[in-house]
Amino acid sequence: MPQIFPPRSNLFARTSILGVLVLLAAAVAGGAWYDHSSAVTKVGVPIEQPVPFSHPLHAGALGLNCRYCHDAVDQSAFADIPPAETCMSCHSQIATDRPSLAPVQESYQTGKPIEWNRVNQLPDHVFFNHQIHVNKGVGCETCHGRVDQMNQIAKAHTFYMSWCLECHREPEKYLRPLDNVYQMGYQPAEDQAALGSRLVQEYDLMSEQQLTNCSTCHR
Amino acid sequence: METTKEVPVLEPGHSYVSVTEKISEIPLAKVRRMPLAWFAGFGVAFALVMLFLFAVTNLFIRGVGLFGINIPVGWGFDIINFVWWIGIGHAGTLISAILLLFRQDWRTSINRFAEAMTLFAVANAAMFPILHLGRPWLFFYLMPYPNKMGLWPQFRSPLVWDVFAITTYMTVSFLFWYMGLVPDLATMRDKAGNIWLKRLYGILSLGWRGSARHWHHYQSVYLLMAALATPLVISVHSIVGMDFAYGLIPGWHSTIFPPYFVAGAVFSGFAMVLTLLIPLRKLYKLEDFITQRHLDNMAKVMLGMGLIVAYGYIMENFAGWYSADPFEIFNTVDRYIGAYAPLYWGLIFCNVVAAQLLWFRRVRNNNLILFVISILINVGMWLERFIIISQSLSKDFIPSSWHLYVPTVWDISVFIGTIGLFLALIFLFLRVFPAISIFEMRELVHKLKHHGPDGKSPGPSAAD
Amino acid sequence: MTIDSHEEGRPLDLASFRQQLATRKGREYWRSLNELAESEEFEEAVRQEFPRQAVLLGSLNRRDFLKVLGASLALAGLTACVPQNAGKILPYAVPPEALVPGKPVFFATAMPFGGYGQGVLAKSEMGRPIKVEGNPRHPVTQGASNLFMQASILDLYDPDRAKSVTNQGQPSTWDDFVAAVGAAAGANAGAGLRILTGTVTSPSLAEQLNAILAQFPQAKWHQYDPVGRDTVRAGAALAFNQPVDVHYRFDLADVILSLDSDFLFREPGSVKYGRDFSARRQPTQSDTPLSRLYVVESSLTLTGSNADHRLGVKPSQVEGFARALAARLGIDAGGAGGEGVPGENWLDALAADLQSAGEAALVVAGERQPAAVHMLAHAINEALGAVGNTVVYTDPVELSPVDQLASLRELASDLDGGQVDLLVILGGNPVYSAPADLSFAEAMPKAGTSVYLGMYADETAALATWHVPAAHFLEMWGDIRAVDGTVSIIQPLIEPLYGGKSPQELLAALSGQGTASGYLMLREYWQANIAGGVQPTPSAGEEQPTPSADETQPAPSAGGDFETVWQQALSDGMLPNTSLAATSAPLQVNLAALPGAAAAPNESLEVVFEPDPTIWDGEFANNAWLQELPKPLTKLTWDNAALFSPQTAEGLGLQEYDLVELSLRGRSVTAAVFIQPGQPVGVVTLSLGYGRAQGGNVLAGTGFNANAIRTSEAPWFDSGLEVRKTGGTYQLVTTRDHTSMENRNLVRSATLEEFMQHPAFAQEGEGELPSLYDPVQYPGHAWGMAINLNTCIGCNACVIACQAENNIPTVGKDQVDRSREMHWLRIDRYFKGSPESPEVFFEPVPCMHCENAPCEPVCPVEATSHSAEGLNEMTYNRCVGTRYCSNNCPYKVRRFNFYKYVDDVSEPLKALRNPDVSVRSRGVMEKCTYCVQRITAARVQAEVEGRTIQDGEIRTACQQACPTNAIVFGDINDANSQVRQLKETPLNYALLGELGTRPRTTYLAKVKNPNPAMVEQA
C-alpha cells in the first residue's frame, strides 16, 4: 500500500492539536483586549470641538464653578450645555475680538445653535439623572474625571453598566461631602471608608438592593 | 423470545471481506453507480433546504410576527418543532450507548445510522430556540459570560438549563459518533482508490493504524463515552419537559412531564429510525445486515415506550380531574371537545391506538405496516407537542384574553424546511460515511463464527 | 416673539418658506424637525423673532419653542441610542425664560369639544406638548379627563393634517387668502355671505360674529353640530318658553331615572357627571348612601351598563313610558295612561321609589329623545321637588341658542337657491356630517366661493374653494365656556406646526382686519370686558402635585388690575367666578295639550344613531389611538357596525359579520352585522363617524357611514328600517373572543342586601396561602394599586392615558385581529344573565405586579425582575423575546412587539413621545410599569428636598385620567395611604388570588343597589 502521508505529518498532527488551542486562546484574549481598548471605549480620546473652549482655563485657572455653565446639573436630569448667551455674559467685554470666539458671537447673533460634539453619551434606554447624583454627594470628577486638566474634553470612563454598578453597589467608596461635589482633585480629609458610610447615613441613601433595581436606571 | 431467535442479527454466509466490501462500496461508489433514488431524494431535500433558508431570512428581516403566535399563545410551531426534533434525537444515543452497555448485539448494524440521525435531529432542534426569539441576534444573552453589563443569566429559568443540556448533548453525541467512525474511516482510507480521497479519509481517521494498543485504548474510551452519554439521554428531555412543568398554565403545571417526555422522545426516536431504515435497507440491499430481527426489536422497544406514553396521557387526564382545579378541568375537557379536539384525538389514535398493533408479530414483520405505523407515531408525537404547548396556552385563566393559534405559511415553511435539512444531511451522510459500522460488523462475524448465534457462550471479548 | 412685532403687523417669516415647502411633494413639510430648525430661512425667522431686548412674556415665548425644537429634540435625545460619541448636542443660543432643560412645564388651557370647553392641563417637555390631563382647578373636569382629551395630543402631531392653504386644491398662502377673501366678504352688505359654525360658546368669537353681522347686515350666521343638543333646547323651550340650560347634581341624587340618556358619556358635562355619580356608588362609605340608577334606553350604553335596573326598549317607546310614569306620579300627561307600554311592571315600583326619594330623585332625559320627553322629565322633576336640588337651571351657556338642524336646513336651501356668494365654514366637516336629506354635498358647490377652516383635507375641504388649515387647540389663542359657563382660556403651547389658523384669526381676515394676532384680539377683548368686572380672586380647586403653570409665569408686570387677573387666568386656564348662577324657570306648559306620542308599529324595525364611543362624530376618525381603542361594550376596533340583539338577528336570519343593506326612507347604506347582548329587540344601532371618504390615512376604509341614511327629520332614531342581506361578509375585529366569565370568580359582585349580610362576600374561601418560604419583606415603600369596580364606569379614559404616557404604539386592524394589540391596560367586559338583558361588568386589568410573579423566574435573561419596592420591572433592552414570561402570566397583561410597531418614520410623531419612557423596538416584551417614570421623578424630588414621598404625590397615568377615582395607587406600607385603606375594606379581593401570585393590584368587589320590590317581581 503506497504511503499517503509523509512521516513528519505525525508531528504536524500532534502540534496542530496544541496550535488550535493556542490560536483560540489568542483570538479570545485579543478580541477582549481590543474591545476594552480606547479604540472602542473612546476613553481618553479628546473630541474636537467647533470652539476651542478650555476647561483648564475656566474651570481650573479662573476657578469657575461647574454650575456657572452647566446650570441645570443640580435641578434636572440634564446638566445643560451653556447657551451662547452665557458665554457672551463675559465675552461681550473680555477677549471680544478673539477669532476663536467668532462662532459663539455668530450663534448669539443669528440664534443658530453651536453644534458641539458630544463626548459622553449613554444609550437611549439608560435614564441617568444628574440632579440626584450631585445632590447625593457624587462629585463631577467621579464620572467626568479631571476636566480642569483636559484641554479638549475626553471621556474619563467607559460608562459601561458594570462600571455604574461599582458605585451603585458600594456607594460609600465614592461619596463626598456636598461642599466638595464640584471640586476637582478632591482628596477625602479622613478615611473614605468611615466618611463614606457616614455620608450614606447622612444622605439617607437607598439600600444597595434598591440602587441596583433595574428600574432605577431603565424604564 | 424463541421465535425471534430464529432470525439472526446477520444473515449467514458473510466473511470479514464481504461485510467490508458491501458496506464500504456505498460511499466509495462512482457517481454513475449511485442509485437514482439518491439523486431524487437529495434533490427534493435540497429544495426544501432552500425554502428553509428563504423563510428564515425573511423571519430575521421582518420579525417573529410572521408566525401565527399571539398573546396568549406565545409559542407555536417554533417550540413544537424544537421539542419534536429534540425528541427524535434521542434514539441514536440510546441505541448506541445504553444498548452497548446492555451488550445488545443487535444494535451493531443500526447504531451508526441512528447516531447520525440523532446529530442531525438535534442540530435542527438547536436552531429553534434561536429562531423563535424576538431578537435572535442577542441569543448569547442566555449564556453565562463576563460582560460589560455585569449581568448573569437567570439560572432559575428552564430555558437556561436547556442551553446547557442541549449543547452538552450535542457535543457528546458528536464525539461519540465520531469516535465510532474512526476505525471505519481508516478502512475507507485504505479502500479508497483516489489519492485525494485517501488523504481526506486519512486526515479524518486521525492516523488510525488498528494496532492492538489503538484497539485497547479505543474500547475503553468508547465504553467510557457510552457511560457518559447514557445519563444525557434522560437529562435532556427531562429538562425540556420542565420548560412546561415549571409553568403554572393549566396543561403545563404537571410533575409527570419529565419522565413522560423522555419516554415520548425515545418513542418518536425509534419511530424515526424505522421510518428511515425500512426504505434504506431496500435501496442499498442491506437486508443481510439490517434483518427482520432488528426491525422486530425496535418495534418492541416502540411498543414499550408507547405504553409508557399512553400511561402519561391517562395520568394527565386523571390529574386534571383529581386536582379539582376548575382551570385544569376546563383545559382537559377543552382537549376533548375544544377547537383543537381533532388534533387531540388524532394524537391518541397515532400514539396509543396504532401502536397497539405492534403486539402482533405479523405486524412487526410486515415492513409496510411497520413503516406506516412509524410514520403515524412521528405525526402523533408532533401533535402531542402541539396540544401540550399551543392548546394549553390558548385558553388559560382569564376568558377575555383567550385566543386561538393558527399557523401561518411561514410556520409551515420553517417546519418542512427543517425536515428537508434533516433529509439532506442524511443523504450526504450516506454518500460520505459508512452507514453501518464496518468494524463492529466484523466483530459480529467473528463472534457468530466462534461463539454461536446467541454470542453468549464464553470466549475472548471483542477487545482482543 | 414680542408684542411689538405683532403690533407692527410683522408676522413670523415662516410663511414664505412654508409656501415653498407646501409646494414640495411628499408626506412631510420637513424631512425632519432638525432640518426645519437649521434651514437658513428659518434661522432668519428666528433672528427676527428674538430681538435681544424683547421683554418676553412667559405666556408668549413658549409659543416659539418650536423654533428650537431642533435643539430640544437633540436635548431630549441626549441619550439617543447611537454608537459611542456620535451625534451633536445643540444648546439654545438664547434660552427661553423659566425653563430648566429636561424638566416638564405644565400649562392650563381648554379643549373645545362639542362647542364646550374642557379645562385641561397640558404637559410640555422642552417645548413639545406631550400629554393632556384634566385641569384640577377647573370646576368641570376637576383634574379628570375623558378619552377624547387624552387622545387630542395625537391629533396635534398627526402627519395627515392639512399642511397649507389651498385654493381650488392648489397650494396657496395665507396672505393670498386674506387678500382674496377680505375683498369678497363685503360685497353688497354681505347679502351673499353665510357663516357656518359649530355650537359657539366663545365670548370673543361670538362678539366677532356679531360684529361681522353688524358690518354686513345681510349676512347670516348658521350653527350646526352633528351631535347637537337641539332636543334639549327644544324641550326646555317647550317647558319654560325660554332658553334654559339644565344641569344635574348626581352627587345629591338618591334615585336616578335615565330616559334614554347616556349622561356618563355623551353630555358636555359627562366628566363631572361621572365623578358626581360615582361619588354615590361607594358602599363602604356609610356617610353617602348608595344611589340607585334606573335606565330605560334604546341601545346598550355606558350609562345603561352601570344601571341597577335596565330596560331596553325601542326609542319610540320611551315617550310612552315617560307619560305613563308621569301619570303614575299624578301629572296630567295627557294621551296614553301607559297601558301596554314596555316595562309596565316597572311603573309602580319606580314611581314609588322616585316619590320616596322626593327632592333627592332625578329624572334625566336623553339628547336622543324628542322635546316632549325632555318636557315630561322637567315636569316630573318639578313634581318631585327635585328642581333646585338635583336639577339646576341656568341661563344658556351658548351665546345664541338656535335650532341647529333648522339653521342648517335654511343654509342648504339658500345654497340650493344660489343665494350664497361666500360661504365660510369654521370646522365641523358638514359635507360628511350633514343629514342626508339636506344633500349638502350637492348644495355646497353652488356657493360662489366657499372657505373651509379644517384640520384635515377632508370631504368638505375637497369641495371648498379655499381650505385653510385649522390650528389645533394647543396651537392657538382663544376662549370658550365650559358647560357650567366658566370662561376657559385656550392658550397655545407650541407654534402652529402646519401654519394652522384659529377661527378668530380667520374671521378677522374676513372682516378686513387682515392678519391680526389671535393673542392680541383675545387680550384686547378681555381687557375691554373684565377691566372693571371680574375681581382677581384665585379660583379654588385642589393643588396638583406637579409644578403648575403659575410657577413658570413671570410676575405680572405693573399693569394694574387687568394684568393681575389676566396672568392669574392664564395660570388657572380660566377666568374666576364666571360660572353661571342658578336661575328659576317656572314650568309654563299644559301637558295635556301635548299631542299623544305616535308610537311606531311594534313590528317595524327601528334604527338608532349615536355618537361613536371612540371617534365621536368623526372628528377623531383619523386618531389611531381612538380607532384602535376597543369600544367599551362591543370591544370592536377600527370599525363601527350595525348592532342587532341576538333575538332580532336570529329573526332576520343574520350571522355576525354578514353585510346587510340598511334602507330608510329610500336611502340605504351597507353595514356589517354585530350581535350585541343587551341591544333592545327590534332596534338596530349604528354609530356616527365612520365610512369617511377623505381626511387621512388612518380613517381610510374604516366602518360604515350612518349619515347616509340619517335625516334631519329624525336625526337620532327612526322607524321603518329595512334590512336586506347582501350575501357578502365583512371582517369586523374585536378584542373579545369570549363574553362570559365561564363561572370563574373574576368579577365579584353582590346586591346591597347581600353585602349588608356578608360584608366579606368577596373574600369568602380565601386567605393567606401556605408557603414553604418566609414572606419577602418590603421595608421601604411597597407600591400597590386598588381598582374600585363600584366606581369604574368603563369609560376607557385610562386606556388612552396609559397609551399617551407610555409611548404605546398602535398596531392596526390586522394585528388586533391576531390578538396582538399593545394596550398595557385593558378593560375586560363581561356579561351576566340573559343575552337579551344582561348585567354588564367592567374590570380594568393592568399588570398585577405580583409579589410571587410567575413571569420572573422563567425569563432566561432576567429582563423582568422584582424591585425592592415590589415593582415587577421590565427591562426592555435586556429582553431577547422568548415570550416565556407572557405564556406564564395568568393575567395575560404582557404585550409583545411581534413586529416593529413603533412609527419611527413620521417625524412629527417623534416629538409626541414621552422622553421619560423608552421607545420599544421589535421583538421585546413590554407591560404596565405602574408608571415607574413618575415614581422615579417623585422620588428624586422628594430625596432632593430631603423628605419622604407623600401619599397621592405619585399618580399613575390611568389614575390621573380616571374621572371617577376608580383607580388608586400608593404605598401599601403607609397605614394612612388611600390605597391601604381601600385594601382594608372587606370588598377588597385579588384577581386569581388562589394561584398564590400575591398581586399588588387588587379590586374592590361591585355592589349593586337594585330595588327590592322589583327583585321580588323578577
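What is the volume of the second largest cavity? In this predicted model, the second largest cavity has a volume of about 260 Å³. Of the 23 residues that line this cavity, Leu300(C), Glu610(C), Pro613(C), Leu633(C) and Leu643(C) are the closest to its centre. The lining is made up of ten nonpolar, seven polar and six charged residues. Both domain 3 (245-394) and domain 4 (606-734) of chain C contribute residues to the lining, and the second largest cavity therefore lies between them. In total, the structure contains 18 cavities of 30 Å³ or more.

Several strands of chain C were examined in turn. An open sheet of chain C consists of four strands in the order S12-S11-S10-S13, with parallel pairing. Strand S12 (309-312) and strand S13 (361-365) stand at the edges of this sheet; each has a single partner strand, so one side of each is left without a neighbour in the sheet. From one strand to the next, the twist averages 10 degrees. Strand S11 (residues 292-297) of chain C runs parallel to S12(C), and four bridges join the two. Within this pair, Glu297(C) has Gly312(C) of S12(C) as its bridge partner.

Strand S26 (residues 683-687) of chain C is mostly covered, with five of its five residues buried. In a regular strand, side chains alternate between the two faces of the sheet. In S26(C), Val683(C), Thr685(C) and Ser687(C) point one way, whereas Val684(C) and Leu686(C) point the other way. Strand S21 (residues 605-610) of chain C is joined to S26(C) by five bridges, and the two strands run parallel. One of the contacts concerns Val607(C), whose bridge partner in S26(C) is Val684(C).

An antiparallel arrangement is found elsewhere in chain C, where strand S31 (residues 826-832) and S32(C) pair over seven bridges. Arg826(C) has Val845(C) as its bridge partner in S32(C). Strand S32 (residues 839-845) is mostly covered, since six of its seven residues are buried. The hairpin of S31(C) and S32(C) has six residues between the strands, and Gly833(C) in this hairpin takes a positive phi near 95 degrees.

Helix H20 (residues 503-510) of chain C has seven of its eight residues buried and is therefore largely enclosed by the rest of the structure. The buried residues in H20(C) are Gln504(C), Glu505(C), Leu506(C), Leu507(C), Ala508(C), Ala509(C) and Leu510(C). Gly512(C), which follows H20(C), has a positive phi near 75 degrees.

Positive phi values also occur in residues other than glycine. Lys892(C) has a phi near 50 degrees and is placed in the loop between helix H30 (884-887) and strand S35 (895-896) of chain C. Because its relative accessibility is 0%, Lys892(C) counts as buried. For Leu992(C), phi is near 55 degrees; this residue belongs to the loop between strand S38 (988-989) and strand S39 (1001-1004) of chain C. Leu992(C) is likewise buried, with a relative accessible area of 2%.

Further features concern the other chains. In chain B, a cis peptide bond joins Ile71(B) and Pro72(B), with omega about 20 degrees. Pro72(B) is placed in the loop between helix H3 (36-62) and helix H4 (77-88) of chain B. Chain A is divided into domain 1 (8-35) and domain 2 (71-81 + 119-217). Taken over C-alpha atoms, the centres of these two domains of chain A are separated by 43 Å.

Notes:
Residues numbered from 1 in each chain as written. Chains lettered and ligands numbered in written order. Predicted model: local features only at pLDDT ≥ 70, side-chain atom pairs only at ≥ 80, totals over all residues. Heavy atoms only, no water. 1 Å grid on protein atoms, 1.4 Å probe; cavity = no way out; pocket = protein on both sides within 12 Å on 5 of 7 lines; lining within 4 Å. Points joined across faces, edges and corners; volume = space filled by probe spheres on them. Nonpolar A, V, L, I, M, F, W, Y, C, P; charged D, E, K, R; others polar. Domains from an automatic or database assignment. Buried < 20%, exposed > 50% of the residue type's maximum accessible area, 1.4 Å probe, protein only. Pairing = 2+ DSSP bridges. Axes fitted to C-alpha atoms, helices over the stretch in contact; angles between N-to-C directions.
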